[in-house]
Amino acid sequence: MTFIYGIRYIPSMSRGRSTTLITTRIPDVMFDIIEALAERKGMTRSEYVRGVLESHLNNALKAYEDEHIQSR
């Protein structure tokens with residue numbers, strides 16, 4: 001975990017460093033949407049989904065930090 005200005009965030013993945021593969025079943029329509037959005041951004045599906053997960057987790061951690069700071 002990395003901190004910037006006292007807020008935790010998930011650093012971008014470095015090639016060849018501590019990675020884990022996650023698999024999950026998703027509806028075909030969700031796959032089609034991911035494929036279209038990734039193509040539109042010039043990314044692979046994996047790059048796009050990783051970016052979505054990183055963004056979601058960073059937002060969740062920030063919300064947690066904000067809530068934790070406010071409860072002090």
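**Reading the model around one residue**

Mentor: Contact here means heavy atoms within 4.5 Å, and once neighbours within four places in sequence are set aside, I34 is in contact with I26, R45, Y48 and V49. This is a predicted model, in which local features need pLDDT of at least 70 and side-chain atom pairs count only at pLDDT 80 or more, while totals for chains, interfaces and linings use all residues. Residues are numbered from 1 along each chain as its sequence is written, and side-chain values use heavy atoms, with hydrogens and water left out.

Trainee: Is I34 buried or exposed?

Mentor: Buried means under 20% relative accessible area, exposed over 50%, and partly exposed in between, using a 1.4 Å probe and protein chains only. I34 has 17% relative accessibility and therefore counts as buried; of the 72 residues of the protein, 7% fall into that class.

Trainee: Which elements does the protein contain, and in what order do they run?

Mentor: Helices (H or I, at least four residues) and strands (E, at least two) are DSSP runs, numbered from the N terminus. The protein has two helices and two strands, and from the N terminus on they run β-β-α-α. I34 is found in helix α1, as is M30, the helix covering residues 28–40.

Trainee: How should I judge the span of α1?

Mentor: The expected span of a helix is 1.5 Å times one less than its number of residues. With 13 residues, α1 reaches 18 Å from its first C-alpha to its last, close to the 18 Å expected, and just after α1, G42 takes a positive phi of about 70 degrees.

Trainee: Which side chains meet in a salt bridge?

Mentor: A salt bridge is a side-chain nitrogen of Lys or Arg within 4 Å of a carboxyl oxygen of Asp or Glu. By this rule the count comes to one salt bridge, in which the side chains of R45 and E35 meet at 3.3 Å, N to O. R45 lies in helix α2 (residues 45–70) and E35 in helix α1, so the pair ties together parts that are ten residues apart in sequence. R45, at 41% relative accessibility, counts as partly exposed, and E35, at 32%, also counts as partly exposed.

Trainee: Where is confidence lowest, and where is it highest?

Mentor: The predictor's confidence in each residue is given by pLDDT, from 0 to 100. The protein averages a pLDDT of 81, and 69% of the residues score at least 70. Confidence is lowest in strand β1 (residues 2–4), at a mean of 52, and highest in α1, at 96. Where pLDDT is low, the predicted coordinates should not be read in detail.
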